[in-house]
Structures are given as structure tokens and as C-alpha cells.
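Work through these exercises with the model open. Each task is followed by a worked solution.

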Amino acid sequence: ERAILARDPRLSAGDLAHTYNNLGLLVWQRLGQHERGEAAFRSSIRTAEAASIPNFFYAYKNLGQLYEKNGRTTEAIPLLERAAAMMNDDGLKLYAALLLPYVYQNASDMEHWRRRFEDNVAKFERMNLRIPQPERMDGVPQYYLSYHGRNDSRIIARIARIMRRAAKTAVTFTAPHVPSYAPPPPGSRAIRVGFVSHYLSTHAVSKMLAGLLDHLAKTGRFEIFLFHLGRGVDEGSRVLERVGKASFVHLPRPQLSKLQSSVSSARLDVLVLPEVGMDPHAYALAMGRLAPVQLAMHGHASTTGIDSIDYYVSYEGFSEPEAQEHYTERLVVLPGLTPLPLWYKLQPFPMRPEMRTAEGRAAFRRRFGMPADATAYACLQTIFKVDPRFDDVAAQILEGDARAVIVLKELPMTDQVGQLVRQRMRRRLSSEQMARLVYLPPLSDQDYADSYGAMDILLDSFPFGGHTTTMDAISAGVPVSRRARTHSLFCFVFSERKIILPWGADERICFMQINVQ
């Protein structure tokens, strides 16, 4: 930055364009300064264009990604398309063509984007794409489609076929032991089960897996392998390794061929992919045959659409047998609400004790601009789960409870997505009601945990409901309210009765619809 400001004569036009681009990455991704990042990327583009530097795609792609992460989808798409053309990158072309917004202004806005999505799927089905490194894509194309709460299994399967055809050389892989595989005679050896995930650290996915791994390990019938693809290993990783008595393999963002070889060497009987739709590595791996039986789970509650995934395993708290039509895999519904409770026994929810006191609640509320005497109705889900239909719910609560405030939470590393939701809600809420809308900024882990102590009721999102957020609320003693379910695939389903928290707390929580009267 000093060199740029000094107009250092040692900087060529190419150097200057790269310097602006690198500065944009630093101030955006490291410091969270979005406006400065945007300005630096634009300076990089202007410099490259003025000097006629060929195929200088870096700043176009980075500025497109900055806009995407800030909910500025319409601005992001042409930049990503320009970068894809310069790079001759079919994967980025597909990603840009299927990009969906974080926030919709109304139902017709969502329908507009769905039509664009479906039209582009049809367009790319007719194209001869080449994606030699599918694991390097910027994301799984249909990730945000799941949050619409529709049965999109057919179009997700069409996308999987597009990807399989485009990445055929990379994804066509069969582990050597599979073709001649014969199931072991009962009791002859342990069943070898491998879990492959980007999120085998402290994350919602690992919280879900802890109870399952503990159960498998206690049966004594399984040998468990954990393949962690994320960059960091933390205490959450060690919890999973310990409760599963597992072999832990850390492969941070590997080449697909290396990942295939490593998983293949374990000679698995069963491969488990907990969140196929969230991670390009898992998505690409799922298209091979690494084990005789391959299954997905509800780390991402959506069908994979991939024909080499045999089963989708869920729980009664998420799915019912009649939800089969939402899956291309065979749906298996296990008894019970969720395997999450064990995590909270192993890793107690880190809300500080003072948040259970009036003084602690008041101090938190002062910090974040919440009235001390208000009834706080909080939807602490990821903001892109806050559907336009939520605005009516918020209005009804604010109309029916004069002391109510509605609390929402911004995404990490941005302050702009929440602004889009506020902009939308102004069309439904009066100015007085808008003044009773509280947006928490991106929170530290500790502030996030403490926030539950400052809330009175947690509102579940819909049509795509919560899981970990819901269980966090229960562990903090906060009652959860949700709408009557539309389809159990998208909502964490509780029975309409009091339940005793299964990890030893003595509170009894009743799940009910709000009646503010």
C-alpha cells in the first residue's frame, strides 16, 4: 500500500495491478474491510485495462467473490463470467451460471432466480464442459437451492450428471478392493467405516457426528477412519477421534487423486459423506466408488443427486419415510430426534455462567443495543435462512407484543447481507416496528454463545429450519418456537410435548407455536 501511495517507480503496470489485487485480498479477507477491498480490486482492474494486460483475471474473480459474499449477486455474476472467460474455466462458468442470492426481496424475486437457475441447467446440459479439477471449484453449484424448501431432487440430479460428464476423467475411480468385494462373515472382523468431511473440527457437522461415532465405537463391531479435509485440527477433531476410537487422517484440501488414493487404502466397507452438498472435495469424491456401500448424511440436508451414493441416512427429527421423493438415494430414517446431545455432554455449551443472571443479561443487551426490559424474540440462524415469509411473522409478533424486539444475526465477515434483509423488511414493517429490529454484528464464538442468555425465545427459521442452533438454544435453557411444519425434510421436528433435556439438565422445554396474546 505504501508503494502504491508513493507511486514507486519500480512498479510496472503489471506489478501495480497485482499489488492492488493483493491489497484487496488482505483488507477484505484479513481485516474485513469490504469497501477498501472493493476499491483496491477496482483499481487493479483499471490498471490492468489501461495497460492492456491480457487475461488479468485475478481482480475480476476476487471482486466477484466479494460481491457474492456480500449478497450483491447481480453485480457478482458478470465479474465471475469475465474471469471464467479469461481463465477458460468451465467450472467457474457453471458456478456463475447457477449462482443464487443470499437474500430474496419477495416470492416473485425467488421465482425469477429459480427460472434463471433452471434455464442455465438446461443450457449447460447441451454444452461439452471440461472440469479437470472439480475439487477446486468455488463451491457446489446447488448449495443455496436447498434453502428454498422445495423438492428439487430432479434438478440436483441433472446437475450431478453435468458434473460427472464434465469431470469424468477425474471422478471416475473405483477402489481396487471393490470389484471383488465380498461381505465379511459375521463376527470375522470389524466393519471398516470411513467418514470423509471438510468439517471434522469444531463445526455443526462434527457436533452431529460425535454421538454416532460414540455409538459405533461402543458396539465393538466397527473400525472407524476419519478423513479430515479442512485446514485446521482443533479440540473438536480430537473429541471425534477419541469417542470414535478412530484412525484420524488429516488431508488439508488435497488433490482429488490423492484423496481417492488415501481413502481407497483403508479398504472400507462403508463410506460416509456427511455434507456432500457443502464441499467440492466431498462432492467430487462421491462420484467415485470408494466402498461397496456409500451413504450421505444430513450435515447438509439435501439429496446429493449422485448415482454412486446408495443411501441417505437421516433421523426421525429430520425426515419421515414419506420424504423419499425428495431424495435420489434410498432414504433410511433412524429412530430418535438427533445424535447431537452427546456433543454437549462432551463439550458443554460455552455460555458464561453470568449470562444466567439479570446483571449478565443486562450487560450483554447494553453492548448490542437491546432494550433491557424487552422480550427478545431471536432468530439466530444464518441470515440466508430468513425467508421473505418471515417478515410477516416478525410483524405479527411486534403487533401483538408491545415489548417485543426481533433479533437477527449478521453473517461473519460482512455487514451488508443484513442490510439487504432490513431493506426488504421495511416494506412490511412500520418505522416504529423497524426501530424494534436488532441486528447483531458478526460475533466472536464467545459472544455467540453468550447471546442465547440474553434472549427470551428462539424463533426457528422456515421453510429450512435449524439443527445445531436449535440445540444450542435448548442447552442454554431458551425455549424454541417454530411454525407448523410444511415438510419434515427441511425442519428439525420435535413432538408437541414436554421433553427432558437428554444431557442431564433439569429444565423442561415445551415446543409450541407462539401465541403472543
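**Exercise 1.** Is Glu354 buried, partly exposed or exposed?

Solution. The model is predicted: local features need pLDDT of at least 70, side-chain atom pairs count only at pLDDT 80 or more, and totals for chains, interfaces and linings use all residues. Residues are numbered from 1 along each chain as its sequence is written, and side-chain values use heavy atoms, without hydrogens and water.
- Cut-offs: buried is under 20% relative accessible area, exposed is over 50%, partly exposed is in between (1.4 Å probe, protein chains only).
- Glu354 has a relative accessible area of 37%, so the residue is partly exposed.
- Its salt-bridge partner is Arg352, at 3.7 Å, N to O. A salt bridge here is a side-chain nitrogen of Lys or Arg within 4 Å of a carboxyl oxygen of Asp or Glu.
- Arg352 is partly exposed too, at 34%.

**Exercise 2.** Which parts does the salt bridge of Asp391 and Arg424 tie together?

Solution. 
- The N to O distance in this salt bridge is 2.9 Å.
- Asp391 sits in helix H16 (residues 390-400) and Arg424 in helix H17 (residues 417-425), so the bridge ties together parts 33 residues apart in sequence. Helices (H or I, at least four residues) are DSSP runs, numbered from the N terminus.
- Both Asp391 and Arg424 are buried.

Technical notes: Helices (H or I, at least four residues) and strands (E, at least two) are DSSP runs, numbered from the N terminus.
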